[in-house]
Amino acid sequence: MRTTIPASLSLATAAWAWAPGSVLSAQSPTLDACTVLTREEITALTGNHDPGPPDPGGSDPTTCRWGETTPTWRVALYANVDPNEPKGLALKQLLDRGRKARAITDLGDDAVFLAADDSTPSGTLFVRVGHWRVVITREAEPKGTAESTLPTLTAFAKAAIPKLRRAG
């Protein structure tokens, strides 16, 4: 079963990833989303829940989706984010749009959690590391809430951050 990301999350992702003044001049990404968070890492971090084969896509952002199992996962990696973007700008932009978001401390250079309690609850974690922004979205477990996705999203981000720091 293929699940789509709610339009509200896609808009919020775009709002933060492409905020005015937040994009650097064109650079070629040296990483793609399927290497920032791999199938093996997802399996290990979720207690041996194999998400299935990844479905890569895009060039900037690169994306990787694991949509053949429940819950579904999606990772987007933006390579051209301004590393001098003011901390908290993304949170402000999401809150200004009426989204249910909050800052997450001690994760990357700036991090925001966005909860979507639509018909399919999901959480999205936006983490800026230098000129990179990784956006990880996960549907909630059956009968779960958007908020219940945060611990797993945080673990995924912690696995991705060192790779982004090494890539510079």
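**Exercise 1. Which residues touch the most other members of the largest nonpolar core?**

Before you start: this is a predicted model, in which local features need pLDDT of at least 70, side-chain atom pairs count only at pLDDT 80 or more, and totals for chains, interfaces and linings use all residues. Residues are numbered from 1 along each chain as its sequence is written, and side-chain values use heavy atoms, with hydrogens and water left out.

Step 1. A nonpolar core is a set of buried Ala, Val, Leu, Ile, Met, Phe, Trp, Tyr and Cys residues joined through side-chain atoms within 4.5 Å; buried means under 20% relative accessible area (1.4 Å probe, protein chains only).

Step 2. The largest core holds 32 residues, and L77, L107, L125, V127, V134 and L164 touch the most other members.

Step 3. Now see who supplies them: helix α5 (150–167) is one of the elements giving at least two residues, and α5 gives the most, eight. Helices (H or I, at least four residues) and strands (E, at least two) are DSSP runs, numbered from the N terminus.

**Exercise 2. Find the contacts of L164, leaving aside neighbours within four places in sequence**.

Step 1. Contact means heavy atoms within 4.5 Å.

Step 2. L164 meets L31, V36, L77, V129, W132 and V134.

Conventions. Buried < 20%, exposed > 50% of the residue type's maximum accessible area, 1.4 Å probe, protein only.
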